[in-house]
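Student: I have a structure open and would like to go through it piece by piece. Can you help me read it?

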Amino acid sequence: QVHLVESGGGLVQPGGSLRLSCVASGSIVSIYGMGWYRQAPGKQRELVAMITDGGITNYADFVKGRFTISRDNAKNTIYLQMNSLKPEDTAVYSCNADVLRHGTSWNLIYWGQGIQVTVSS
């Protein structure tokens, strides 16, 4: 089994910063892509940013220039540095990972449970 655990969320004032972490653990051979998604109340889940094992990144337009995704392959961990936060960034942020597990020859997508980020004065 594979588990993803997010940390680093919380309450921050507009213009502030937060750094989210997501650690994958379990029966992992390798992880290809990892990403951050968010879901605000009453809205669909949307991609925030993703990164491949080779470091190729992709960002949603609404976070370009404000958020930075990074990755530590040795620790099976990704980070999301969020700067210049806005009230509209308030959402539950979840990470996912495209994982090849021991004893299998195909990848599966795993998700964390999500963590709340609230931007408010």
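This is a predicted model: local features need pLDDT of at least 70, side-chain atom pairs count only at pLDDT 80 or more; totals for chains, interfaces and linings use all residues.

Student: Okay, sheet first. In what order do the four strands of the open sheet come?

Tutor: The order is β1-β3-β8-β7, and the pairing is antiparallel.

Student: And which are the edge strands?

Tutor: β1 and β7 are the edge strands, since each pairs on one side only. On average, neighbouring strands of this sheet are turned by 15 degrees against each other, with direction ignored.

Student: How many bridges join β1 to β3?

Tutor: Six bridges join these two antiparallel strands. For a place to look, find Val5, which stands opposite Val23 in β3.

Student: New topic, the core. How many residues does the largest nonpolar core have?

Tutor: It has 33 residues. Trp36, Leu80, Met82 and Tyr93 are those with the most contacts inside it.

Student: Which strand gives the most to it?

Tutor: β9 does, with five residues. Several strands each supply at least two residues of this core, including β1, β3, β4 and β11.

Student: You mentioned Leu80. What is it in contact with, leaving aside neighbours within four places in sequence?

Tutor: Leu80 is in contact with Leu18, Arg19, Leu20, Trp36, Val48, Ala49, Phe67, Thr68, Ile69 and Tyr93. Two of those names, Trp36 and Tyr93, were also in the list of core residues with the most contacts.

Student: Now disulfides. How many are there?

Tutor: The count comes to one disulfide. It joins Cys22 to Cys95, with an S to S distance of 1.9 Å.

Student: Remind me what a disulfide is?

Tutor: A disulfide is a covalent bond between the sulfur atoms of two cysteines.

Student: Where in the chain do Cys22 and Cys95 sit?

Tutor: Cys22 is in strand β3 and Cys95 is in strand β9. They are 73 residues apart, so the pair links distant parts of the chain.

Student: Are Cys22 and Cys95 buried or exposed?

Tutor: Both are buried.

Student: Is the disulfide right-handed or left-handed, and why?

Tutor: The torsion about the S-S bond is about 60 degrees, so the disulfide is right-handed.

Student: On to single residues. Where does Asn96 lie?

Tutor: Asn96 lies in strand β9. Its relative accessible area is 9%, so Asn96 counts as buried. Leaving aside neighbours within four places in sequence, Asn96 is in contact with residues including Leu4, Met34, Tyr37 and Trp111.

Student: And Gly15, buried or exposed?

Tutor: Gly15 is exposed, because its relative accessible area is 54% and the cut-off for exposed is over 50%. Gly15 lies in the loop between β2 and β3.

Student: What does Gly15 touch?

Tutor: Not counting residues up to four places away in sequence, Gly15 touches Ser84 and Leu85. The C-alpha atoms of Gly15 and Ser84 are separated by 4.2 Å, although the two are 69 residues apart along the chain.

Student: Last one, Ala40. Why does it count as buried?

Tutor: Ala40 has 18% relative accessibility, and buried means under 20%, so Ala40 falls in that class. Its place is in the loop between β4 and β5.

Student: What is Ala40 in contact with?

Tutor: Leaving aside neighbours within four places in sequence, Ala40 is in contact with Thr90 and Ala91.

Conventions:
Residues are numbered from 1 along each chain as its sequence is written. Side-chain values use heavy atoms; hydrogens and water are left out. Buried means under 20% relative accessible area, exposed over 50%, partly exposed in between (1.4 Å probe, protein chains only). Contact means heavy atoms within 4.5 Å. A nonpolar core is a set of buried Ala, Val, Leu, Ile, Met, Phe, Trp, Tyr and Cys residues joined through side-chain atoms within 4.5 Å. Two strands pair if DSSP finds at least two bridges between them. Axes are lines fitted to C-alpha atoms, for helices over the stretch in contact, and angles run from 0 to 180 degrees between N-to-C directions. A disulfide is a pair of cysteine sulfur atoms within 2.5 Å.
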